[in-house]
Amino acid sequence: MSERIGVFVCHCGTNISSVVDVEQVAKDAGGWDNVTVAMDYKYMCSDPGQELIQSKIKEHNLTRVVVAACSPRMHGPTFKKTLERVGVNGYLMEMANIREQCAWTSDPGELATEKATALTRAAVKRVNFHQPIKESEVSVNKATLVVGAGIAGIQTALQIASAGYPVYLVEKEAYIGGHMAQFDKTFPTMDCSACVLTPKMVDVNQDPNIDLFTNSQVVGVEGYVGNFKVKVRTEPRYVNLKTCTGCGDCVSACVMKDRIPSEFDEGLGKRSAIYIPFPQAVPLKAVVDKESCLFLAKGKCKQTCIEACQVNAINFQEEEKFTELEVGSIVLATGYKLFDPSIGPQWGYGLYDNVITGIQFERLANASGPTGGKLVLKDGSQPQRVAIMHCIGSRDENYYAHCSRVCCMSSVKFAHQIKEKTGAEVYEFYIDMRCFGKQYEEFYNRVQEEGVQFIRGKGSEVVEVDGQLTVRAEDTLLGVFREIPVDMVILNNALIPQEDSDQVASLFGLCSGEDGFFLEAHIKLAPVNTAVDGVFLAGCCQSPKDIPDTVAQASAAAAQALSAIALGKVKLSPVRAAVEASRCSGCMSCVNICPYGAVGFDKEQKVSVINQALCKGCGTCGAACPTGAITTSHFTREQIMAQIEGVCAQ
Amino acid sequence: MSKKKDFEPLIVGFLCNWCSYTGADLAGTARIKYPTSIKIVRVMCTGMVDPSYVVKAFKEGADGVLISGCHPGECHYVEGNVKTMRREPLLANLLEQLGIERERFKLMWASASEGEKFAKAVQEMTDILKPMGPLNLGGGKKIG
Ligand code: FES
């Protein structure tokens with residue numbers, strides 16, 4: 001029995017029709033084998049468009065559908081549902097990608113129309129061989145793994161936990177809070193960062209649904225959506241998390257006291273080898289830095305900390321621990337790293353004392369920072385003139401092309417704080433001001449009125465002229481070259497991907513974008529999803545963003561995990577390989593080639609067998625099979641061969 | 001019009017769903033223009049591309065075949081692309097024996113963010129194939 005195929009060609013407004021003669025494509029399609037009806041329409045994905053398809057299915061009793069429109073990655077799921085709503089299996093539909101892979105990449109004219117026709121013809125030929133497929137469902141484990149406990153991870157974890165479901169929150173540092181814990185104030189409201197963040201950190205610690213793993217990293221991921229198995233490695237803290245009271249006695253007893261540069265204070269303050277980085281730290285427990293601890297590094301120390309501890313919480317014998325977790329969804333909130341400006345000597349960072357980074361400024365301005373919130377130069381005096389340089393390492397083809405998105409506003413914030421604290425002259429060097437968020441422009445205007453000088457032009461150089469720190473820049477508004485003597489320079493450096501982001505991406509099976517940040521499944525339709533079902537993104541690991549956007553995205557990721565939990569089950573991709581036993585010669589080529597160990601061998605029957613639960617549907621075994629005994633569903637040999645015939649036919 | 005149309009090569013592209021197909025979509029979203037010569041067939045992974053698919057494409061009249069997948073180490077299925085990489089020299093050899101010049105078959109890697117790289121590759125391959133003219137297999141004899 002031959003199929004009855006309906007072909008629906010979309011104009012996509014004028015997106016496709018301004019390049020491709022869509023009416024011609026539909027007209028041609030009407031003459032092809034098995035095509036019962038072919039038509040074009042302005043917006044196939046709209047309600048009336050979908051209804052048109054549905055009414056034609058009923059009217060002509062269509063058995064197969066081809067939609068020539070955008071990428072199947074865009075509206076494949078939409079049209080699949082269109083069919084399902086009228087009782088036709090969604091896999092009996094095929095899309096021809098004539099927008100992203102034709103109209104948008106071609107000049108208008110005959111060639112574009114020919115290409116669109118070829119792609120549509122290939123889809124028609126292919127769809128003849130489609131089979132109805134029933135998607136299998138699996139149950140969803142109700143626990144969620146959140147990786148990274150900065151503001152993004154914290155928000156996601158709290159949201160899921162507040163719905164009553166368990167969360168494993170894994171943080172590689174000994175404390176949670178991420179960069180936000182280091183900030184002093186947040187723009188544009190200027191409320192203190194700690195006032196927003198610390199209550200949330202405390203909530204994380206107290207929520208019975210959240211299991212916090214600090215000093216920990218994910219080292220293994222197996223399984224699939226709904227049922228992941230994750231392995232977590234926890235580095236020794238050398239301090240018992242249960243018994244330590246966070247009193248700090250060990251910290252002041254440590255022989256290395258005030259001798260180690262504090263990471264939390266960005267090297268501006270000092271700490272001990274056993275330490276608590278800041279008074280509001282969560283968990284409020286000491287940690288031993290094994291590199292700087294004399295006992296752990298050299299084996300020689302009086303161990304004054306052990307003496308000082310009244311609850312015997314310190315244990316130098318502690319070893320690394322591994323924990324296996326089972327979760328249904330994974331949210332990655334691994335954050336960002338800051339660009340190191342010492343890479344470019346033109347900025348003077350590391351060369352001159354009073355050239356600091358934005359995050360160092362945050363620590364200086366912070367009341368619990370190394371200067372108690374006093375804004376001072378290295379010699380302890382107050383600066384009279386301060387330069388703030390935007391876009392250090394970002395929007396710069398020599399370093400990172402992307403915009404870091406937060407620097408304009410944090411620079412404005414710095415200027416306001418400097419004015420408030422010292423009354424110094426402030427010069428901002430910017431390429432252009434990006435004040436796009438809610439109340440941002442208003443904040444910028446306010447600070448301008450405070451007398452801050454905004455100079456349009458990227459600061460090109462920081463030098464010392466006769467012992468005087470000087471910024472050189474081209475003022476592109478005045479068209480002059482300027483040299484401005486200052487006491488302090490703040491480099492607002494770029495937000496860039498974490499050092500280990502490539503390893504993390506491959507561990508979880510993600511892709512990275514050109515800028516190195518993790519790639520979302522679709523920038524608009526699925527901004528927190530990834531190429532891996534059940535793995536979601538939150539915060540700056542996807543791209544730089546400010547705190548409001550981070551919190552919003554983190555909540556979105558939580559909602560994704562919660563919707564899978566609420567449904568209790570997820571559909572698995574039905575693309576799987578299977579062996580046709582009668583054609584299998586038992587050569588076992590497929591057994592060794594499978595990356596998942598999904599192909600076994602039946603010794604009695606002397607044929608290969610594929611474990612459907614392990615198979616992920618890559619089809620590599622099928623290509624290796626010399627007898628064509630292996631078929632991958634929805635990507636069968638007949639289907640692909642027909643598609644090839646379709647694109648090649650003239 | 002009396003002037004005969006310029007020869008436009010036909011390239012069949014096998015692109016894996018996760019990297020290169022997404023990258024090709026990106027080229028579209030970014031409105032990067034490249035020749036219409038390429039007609040893309042989506043596969044889940046380059047590892048899925050049976051050598052007979054390539055032969056079939058040439059048999060059906062393709063002047064070139066391009067396989068594009070994830071960079072080594074980034075395959076969505078761990079190492080399907082590595083399998084393809086191993087297959088490539090063998091297949092290229094076989095094709096040459098059939099009289100299909102080496103330039104007509106290309107394997108490349110393009111990630112989901114490398115729309116521009118993909119577009120460039122299509123342009124280059126088209127530029128190479130144009131002067132070569134249509135594939136002429138054994139004086140019109142059928143293969144396969
Ligand atoms: S999924 Fe892209 S090459 Fe395997």
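These notebook entries record what I looked up in a predicted model.

**Entry 1. The sheet**

I began with an open sheet of chain A, built from five strands in the order β10-β7-β6-β18-β29 with parallel pairing. I noted the edge strands as β10 (210–213) and β29 (535–537) of chain A, each of which pairs on one side only. From one strand to the next, I found a twist that averages 20°.

I then examined one pair of strands. Strand β7 of chain A, residues 167–170, pairs with β10(A) in the parallel sense over four bridges. Within this pair, I found Y168(A) opposite D211(A), the latter in β10(A).

**Entry 2. The helix on the sheet**

Next I looked up what packs on the sheet. Helix α5 of chain A, residues 151–162, does so, touching β6 (144–147), β7, β10 and β18 (329–332) of chain A. I recorded an angle of about 165° between the direction of α5(A) and that of β7(A).

I checked the span of α5(A) as well. Its twelve residues reach 16 Å from the first C-alpha to the last, close to the 16 Å expected at 1.5 Å a residue.

Among the buried residues I listed I151(A), G153(A), L158(A) and A161(A). The elements that cover the buried residues of α5(A) include α6 (193–206) and α14 (547–567) of chain A, along with strands such as β6 and β18 of chain A. After the helix comes G164(A), for which I noted a positive phi near 100°.

**Entry 3. E362(A)**

I turned to E362(A), which I located in helix α10 (residues 358–365) of chain A. Is E362(A) buried or exposed? Its relative accessibility is 3%, and it therefore counts as buried, the cut-off being under 20%. A polar atom of its side chain lies 2.8 Å from the backbone nitrogen of D184(A). Beyond four places away in sequence, I found that E362(A) touches Q182(A), F183(A), D184(A), K185(A), K413(A) and F414(A).

**Entry 4. S113(B)**

My last entry concerns S113(B), in the loop between β4 (105–109) and α4 (115–132) of chain B. I noted S113(B) as buried, with a relative accessible area of 9%. Which backbone nitrogen does the side chain of S113(B) reach? I found that of E514(A), at 3.2 Å. Leaving aside neighbours within four places in sequence, S113(B) is in contact with S512(A), G513(A) and E514(A) of chain A, and with L26(B) of chain B.

Conventions:
Residues are numbered from 1 along each chain as its sequence is written. Chains are lettered from A and ligands numbered from 1 in the order in which they are written. This is a predicted model: local features need pLDDT of at least 70, side-chain atom pairs count only at pLDDT 80 or more; totals for chains, interfaces and linings use all residues. Side-chain values use heavy atoms; hydrogens and water are left out. Helices (H or I, at least four residues) and strands (E, at least two) are DSSP runs, numbered from the N terminus. Buried means under 20% relative accessible area, exposed over 50%, partly exposed in between (1.4 Å probe, protein chains only). A polar contact is a pair of N or O atoms within 3.5 Å; within protein, one must be able to donate a hydrogen and the other to accept it, and residues adjacent in sequence count only if both atoms are side-chain atoms. Contact means heavy atoms within 4.5 Å. Two strands pair if DSSP finds at least two bridges between them. Axes are lines fitted to C-alpha atoms, for helices over the stretch in contact, and angles run from 0 to 180 degrees between N-to-C directions. The expected span of a helix is 1.5 Å times one less than its number of residues.
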